[in-house]
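User: I am new to this structure and would be grateful for a close look at one part of it, the pairing of charged side chains.

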Amino acid sequence: MTLVNIPLTARGLCAVVTIGMLMTSCGPGGVADQVARQQAKQAVYPVLATRFPGVPVEPAADCIIDNASSGEILQLARAGVAGPEAEDIDLIVRVATRQETVTCLLNDGLTPLVISRLG
């Protein structure tokens, strides 16, 4: 098998690495899941800081990642490496404003901030 010389962008390289991780450790809570979630948070933190100023970033990021689908987490993990682009920012905002995510934020004691930012 011959490999073709195809330049890899940061996003492409991350996608290759992510797929490799998924092949070695599958399932929720597995190593790949944990790594993808942590990398996805790297994309979420700066978006939260600019779009939702004053909201504590760590618990809010946890709620967003916990309420994102596996496909969304993989998209955000790629964005965590290359930096979030417009579609990634839109995804973060969509997940952040889902009822399940808002409930999570409320349960984490962020009620006044959530009401003032999302209301």
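Is Arg37 buried or exposed, or does it fall in between, and what is its relative accessible area?

Analyst: This is a predicted model, in which local features need pLDDT of at least 70, side-chain atom pairs count only at pLDDT 80 or more, and totals for chains, interfaces and linings use all residues. Residues are numbered from 1 along each chain as its sequence is written, and side-chain values use heavy atoms, with hydrogens and water left out.

Arg37 is partly exposed, because its relative accessible area is 24% (buried means under 20%, exposed over 50%, partly exposed in between, with a 1.4 Å probe and protein chains only). Arg37 forms a salt bridge with Asp66, and their closest N and O atoms are 3.2 Å apart. Such a bridge is a side-chain nitrogen of Lys or Arg within 4 Å of a carboxyl oxygen of Asp or Glu. Asp66 lies in helix H3 (residues 57-66) and Arg37 in helix H2 (residues 31-51), so the pair ties together parts that are 29 residues apart in sequence. Helices are DSSP runs (H or I, at least four residues), numbered from the N terminus.

Asp62 forms a salt bridge with Lys41, with 2.5 Å between the closest N and O atoms. Here Asp62 belongs to helix H3 and Lys41 to helix H2, so this pair ties together parts 21 residues apart in sequence. Asp62 counts as partly exposed at 25% relative accessibility, whereas Lys41 counts as buried at 12%.

The whole structure holds 5 salt bridges.

Conventions. Helices (H or I, at least four residues) and strands (E, at least two) are DSSP runs, numbered from the N terminus.
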